[in-house]
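Me: Hi! Could you walk me through this one? I'd like to start with a word on terms.
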Amino acid sequence: MTRTLTVGVVGAGRVGAVVGAALNAAGHRVVAAAAVSAASRDRAARLLPEAAILPADEVARAADDLLLLAVPDDALGGVVAGLAVTGALRPGQIVAHTSGAHGLAVLGDVQGMALHPAMTFTGADADLDRLPGIAWGVTAADRAFATRLVADLGGIPEWIAEESRPLYHAALAHGANHLVTLVNEAADLLRAAGVEDTERVLGPLLRAALDNALHLGDAALTGPVSRGDAGTVAKHLDRMPADAVGTYLALARRTAGRAIASGRLRPQDAARLMDVLSRATVGSTR
């Protein structure tokens with residue numbers, strides 16, 4: 001960016017405070033932030049120490065150049081409408097929101113962009129170290145400005161069409177959010193098997209599996225489902241706690257389908273496996 005932007009942040013949550021801090025680090029000035037909860041106020045004090053904590057409409061009025069809206073997806077439309085009604089938004093000001101699911105339509109007549117970081121956030125200072133090199137899902141009329149802004153944040157723009165925003169966001173949520181659930185369920189099963197240090201067991205395995213999946217696609221599939229080892233899968237289901245069976249079955253069935261489609265598992269070799277999976281029901285194990 002060739003000039004310093006005066007920025008306001010509405011929503012000093014995990015994403016807003018971190019992106020605001022990154023804008024400060026890039027040479028821009030976050031002058032005001034809206035932080036409602038105690039956690040948000042603490043986060044703003046730590047990551048945006050120079051920003052005045054103000055109501056959302058006053059933050060918008062203080063943001064001469066860029067207003068960053070980092071609020072929950074379902075609240076975004078109401079926030080934009082509320083700011084517009086109060087006259088807090090004005091011509092020449094760019095409004096950028098960080099929602100993955102929304103594009104430009106949620107902004108109505110307001111000039112702006114969708115600026116979604118493809119990253120998971122905890123709201124800790126360490127999040128700043130994860131930003132360089134990440135993709136940002138961008139939908140914008142002014143691509144030149146968006147490109148410069150993303151470059152200031154150390155990222156790479158990935159242009160997402162308005163109608164593709166929900167699918168784009170579903171892909172990231174399915175991959176990242178459900179991965180957390182899957183890893184924690186695997187850790188629970190290990191603890192049930194008597195393993196105390198689950199991170200030591202799972203860490204190397206899951207890092208290798210993720211790396212292989214990203215580089216090799218379905219060719220990275222291994223394990224009893226991809227081999228058609230119906231007996232082993234049946235043993236899994238027999239010993240698995242009932243509350244874990246549903247997730248296991250859903251993923252095993254999907255894995256079998258992908259293994260067959262990619263040619264890694266011949267349909268005739270999958271017959272017994274598919275029979276085991278089709279007969280198993282949630283809650284059928286101990």
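Reply: Happy to. Contact here means heavy atoms within 4.5 Å. Also, keep in mind that this is a predicted model.

Me: Thanks! What does Thr 98 touch, leaving out residues up to four places away in sequence?
Reply: Thr 98 touches Val 15, Leu 68, Leu 69, Ala 70, Leu 115, His 116 and Pro 117.

Me: And where is Thr 98 placed?
Reply: Thr 98 lies in the loop between β5 and β6.

Me: Is Thr 98 buried or exposed?
Reply: Buried: the relative accessibility of Thr 98 is 9%, and the cut-off for buried is under 20%.

Me: Zooming out, how many helices and strands are there in the protein?
Reply: The protein has 12 helices and 8 strands. Its C-alpha atoms fill a box of roughly 65 × 40 × 30 Å along the principal axes.

Me: What share of the residues is buried?
Reply: Of the 286 residues in the protein, 38% are buried. As for contacts between residues at least 6 apart in sequence, 59% of them join residues at least 24 apart.

Me: On to the largest nonpolar core. Which of its residues touch the most other members?
Reply: That core has 31 residues, and the ones touching the most other members are Leu 23, Leu 66, Met 113, Leu 115, Trp 136 and Leu 149.

Me: Which elements give two or more residues to this core?
Reply: The helices are α1 (14-25) and α6 (143-152). The strands are β1 (6-10), β2 (29-34), β4 (66-69), β5 (94-97), β6 (112-117) and β7 (135-140). The largest share, 6 residues, comes from α1.

Me: Let's pick Leu 66. What does it touch, again not counting residues up to four places away in sequence?
Reply: Leu 66 touches Leu 5, Thr 6, Val 7, Gly 8, Leu 23, Ile 94, Ala 96 and Leu 149.

Me: New topic: α7 and α8. At what angle do their axes cross?
Reply: Helix α7 (residues 165-192) and helix α8 (residues 198-216) have axes that cross at roughly 135° and come within 10 Å. The two helices are therefore oblique to each other.

Me: Is that crossing left-handed or right-handed?
Reply: Right-handed, as α7 passes α8.

Me: Nice. Which residues meet there?
Reply: From α7 there are Val 183, Ala 186, Ala 187, Leu 190 and Arg 191, and they meet Thr 198, Val 201, Leu 202 and Leu 206 of α8.

Me: How many of those are nonpolar, polar and charged?
Reply: The contact of α7 with α8 has 7 nonpolar residues, 1 polar and 1 charged.

Note on methods:
Residues are numbered from 1 along each chain as its sequence is written. This is a predicted model: local features need pLDDT of at least 70, side-chain atom pairs count only at pLDDT 80 or more; totals for chains, interfaces and linings use all residues. Side-chain values use heavy atoms; hydrogens and water are left out. A nonpolar core is a set of buried Ala, Val, Leu, Ile, Met, Phe, Trp, Tyr and Cys residues joined through side-chain atoms within 4.5 Å. Buried means under 20% relative accessible area, exposed over 50%, partly exposed in between (1.4 Å probe, protein chains only). Helices (H or I, at least four residues) and strands (E, at least two) are DSSP runs, numbered from the N terminus. Axes are lines fitted to C-alpha atoms, for helices over the stretch in contact, and angles run from 0 to 180 degrees between N-to-C directions. Angles under 35 degrees count as roughly parallel, over 145 as roughly antiparallel, 65 to 115 as roughly perpendicular and the rest as oblique. A crossing is left-handed if the near helix is turned anticlockwise from the far one by less than a right angle, and right-handed if clockwise. Ala, Val, Leu, Ile, Met, Phe, Trp, Tyr, Cys and Pro count as nonpolar, Asp, Glu, Lys and Arg as charged, and the others, Gly among them, as polar.
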